[in-house]
Amino acid sequence: MADEGEEGGGGGGGGGGGGDGCSALKKYGPLAAIVLLAQVVLAWGIISFVFKDNVPEEEQADLIPEQSVELRSGQVEEKSRLPFYYSSEAMGTITANPAGTNSERFVVLTVQLGLEAYDRGESPPDDDITGKMADRADITDKIGLYDQRIVSVISKTVRIKTIDELDGEFIHEIEAQIRKQLNKEIFERLFTVTEDETIEVIVSEVDISNIIIQ
C-alpha cells in the first residue's frame, strides 16, 4: 500500500509539472511570437536596403522610359540643322544712336537672320522646307520687300540700349530681343497660315556679325 501511495504521489507530481509548462507557454508564447516577428521584419528591411544599393547601374538605367531618350535625341537632331541665313544690302550697314549719348555717338551693325520655313499643308517631318529655301525665290523675294522694315525694327531695338549694354557680354540678349520683335512685328503677319497660304517662316536666330561703336 505504501508503494502504491508513492507511485500515486509521483504521478501527481508529474501532472503538476505539465501544468506549469502549459502555464508558461500561455504566458510567454505571445511575447516570443512578437519578438520573432520583429526580427523577421528587421531582417527583411536590412536585406532590401543592401540589395537596393547594389542594383547594377545598367539595370537602373533600364528603368528610364525609352521615350525620354528618344525626345532627347530628337532635340539634338533638331539643333544640328542650321537655319537658312538671310541678309541684304540694307542689313549690311545699320546705324543707330545708343541711349544716353545725346546723339553724339553711334553704332554700326551688320546683321543676318537665321530663318526656318515650314509648309503647314504637309505633315511632319515633310513640312520642314528650310533646306529648300535657297531655291524658293518666292519666299525670299517676299521677305526682301520688307528689308527696310526689318532694318527699322533692328535699329529701334538698338537705340534703347546704352553703350555699356552694347558690349559683347550682352550681345546675345540683344540678338534675342531683335528676334522676338521681328517675329512679332513682321514675320507672324507676313506669313500668316491660312487654307490658301500654308507657308510659315520664322526668325530662329539673329546674328550680329559686326558691331562698331563710335
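Buried means under 20% relative accessible area, exposed means over 50%, and partly exposed lies in between (1.4 Å probe, protein chains only). Keep that scale at hand for this tour of a predicted model, where local features need pLDDT of at least 70, side-chain atom pairs count only at pLDDT 80 or more, and totals for chains, interfaces and linings use all residues. Residues are numbered from 1 along each chain as its sequence is written, and side-chain values use heavy atoms, with hydrogens and water left out.

**Stop one: the rings**

Select phenylalanine 187 and phenylalanine 191, which are both buried. How many aromatic pairs does a search of the whole structure find? It finds one. Phenylalanine 187 and phenylalanine 191 form that pair, and they are stacked, with 6.3 Å centre to centre and 20° between the planes. (Rings of Phe, Tyr and Trp, the last by its six-membered ring, pair if their centres lie within 6.5 Å; planes under 30 degrees apart count as stacked, over 60 as edge-to-face and the rest as tilted.)

**Stop two: a charge over a ring**

Now show tyrosine 118 and arginine 120. The charged end of arginine 120 sits over the tyrosine 118 ring, 4.4 Å from the ring centre. (For this, NZ of Lys or CZ of Arg must be within 6 Å of the ring centre and within 35 degrees of the ring normal.)

**Stop three: salt bridges**

A salt bridge here is a side-chain nitrogen of Lys or Arg within 4 Å of a carboxyl oxygen of Asp or Glu. The count by this rule is six.

Start with arginine 81 and glutamate 116, a salt bridge whose closest N and O atoms are 3.6 Å apart. This pair links distant parts of the chain, 35 residues apart: arginine 81 is in the loop between helix H3 (66-80) and strand E1 (84-86), and glutamate 116 is in strand E3 (residues 107-119). (Helices, H or I with at least four residues, and strands, E with at least two, are DSSP runs numbered from the N terminus.) Arginine 81 is partly exposed at 25% relative accessible area, whereas glutamate 116 is buried at 14%.

Aspartate 128 is in the loop between E3 and helix H5 (137-144), 47 residues from arginine 81. Aspartate 128 counts as partly exposed, at 26% relative accessibility.

Finally, select arginine 136 and aspartate 138, whose side chains meet in a salt bridge (3.0 Å, N to O). Arginine 136 is partly exposed at 26%, and aspartate 138 is partly exposed at 46%. Before you leave, select Arg81, Glu116 and Asp128 together: salt bridges that share partners join them into one network.
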